[in-house]
Amino acid sequence: MSESEVDDFLSGLSTNALRALPWMFEFWALPHQIAPQGTWNTWVILGGRGAGKTRAGAEWVRGQVEGARPTSQGRCKQIALIGETYDQVRDVMVFGDSGIMACSPPDRRPKWEATKRRLVWPNGAVATCYSASDPEALRGPQFDGAWVDELAKWKKAREAWDMLQFALRLGDDPQQVVTTTPQNVAVLKEILAQDAVVSTSAPTSANAVNLAQSFLDKVTTQYAGSWRGRQELDGELLEDVEGALWSLNAIDQARVETAGDLTRVIIAVDPPTTSGEAADECGIIVAGVRMKGVPQDWQAFVIADLSMACASPNAWAKAVSAAAVEYGADRVVAEVNQGGDMVEAILRQHSALLPYRSVHATRGKVARAEPVAALYEQGRVFHVGAFKKLEDQMCQMSLAGFSGKGSPDRVDALVWALTDLMIEPAAQFHNPQIRTLTYR
């Protein structure tokens, strides 16, 4: 709204309405902070740091215990507040800047009974604090509602969650809200998979208006696109596939800002076999290598992921040709199992003198990828920046195959690139008959 529109709106409210407005969360809430419609017993709010999860949980509790007037009964009378430790429940969920006390209007503000570790509202509703580190404390009490905070980092998450489920037995339809930054823990994934569970999510940036700009600038610069940034800022639930050849955490450790001087740069292409909206992506990876000393000392760098979806042969060939010029590529390597000579012919239409090499896949994807994954384990491959889609595909490649949707075209191109840059030259280096080979 413009300033004049805001003035017009506020001038149309009564004095009582103006006094009430700051406490009407449904007026100020962001979409992910509003409870979903429909029937559910668990609402999971996933979000990055500072996305407003705590405020959403505190306001949900208010909505459950408060009635039309300060002394009127609400929907719930007995609420459980559970955090990793009792101190965290008290300091964050109860007395925090976005906690229950800060969110409650003066005439409905509950009284804190420290010795009993509980809040008591003017209408008699009670919210009792519990530590997830002591699951047995939940054996015996019973509730008609619960707010669970930061479940994903509880050390005894399974035990505490299970005990809470047995305690939610009051009222006609007891509900619970979970506010957490997502982490790859089994109990959280199992909860999200249940039928009676709904979820909302938001990144840190969604609540930018309520956060310090210096904080946003710092964490975005330092973590954007990284494994930790995607979890802690974007609020993504990142899962490692069992038996995966790569992990997001390991890739994150191999991230650098620049590649420096390189001995060779190539562009690897995994062309799609079909076209149109249902076609696979065309994998296009730019990578380079620094060859100093023996092969064990060589270092490879993934420079760019230029992969394209639903691209025609002319479109991806044009993109590869332009990238060869932009990155000063020594040559283009393309898989030709399906396209054959057509792949080179299409590329030549855009760059007649383009250095080119065709490769044929004679082994399965996993067998080709394993030696490349080993290079990562040895700390010899680095990513210049973050490549979300490529890294997601990498972490879905396991010994059992690719667990993602479609074909792992970006990973295929990556494998061809690092095979050409590192694996094959190393084999040549160790062959006494061709050890004199040098690389530009």
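Okay, let's start with Phe 9, which at 31% relative accessibility counts as partly exposed, meaning between 20% (under that is buried) and 50% (over that is exposed), with a 1.4 Å probe and protein chains only. Quick caveats: this is a predicted model, where local features need pLDDT of at least 70, side-chain atom pairs need 80 or more, and totals for chains, interfaces and linings use all residues. Numbering runs from 1 along each chain as its sequence is written, and side-chain values use heavy atoms, leaving out hydrogens and water.

So who does Phe 9 pair with? There are seven aromatic pairs in the structure (ring centres of Phe, Tyr or Trp, the latter by its six-membered ring, within 6.5 Å; stacked under 30 degrees, edge-to-face over 60, tilted for the rest). Phe 9 and Phe 27 make a stacked one, 5.7 Å centre to centre with 5° between the planes. Phe 9 sits in helix H1 and Phe 27 in helix H3, 18 residues apart; helices here are DSSP runs of H or I, at least four residues, and strands are E runs of at least two.

H1 gives the largest share, three residues.

Now, Arg 380, in the loop between helix H14 and strand E15. Arg 380 is buried without a salt bridge, and the nearest opposite charge, Asp 297, is 7.4 Å away; a bridge needs a Lys or Arg side-chain nitrogen within 4 Å of an Asp or Glu carboxyl oxygen.

Technical notes. Lys, Arg positive; Asp, Glu negative; His and termini not counted.
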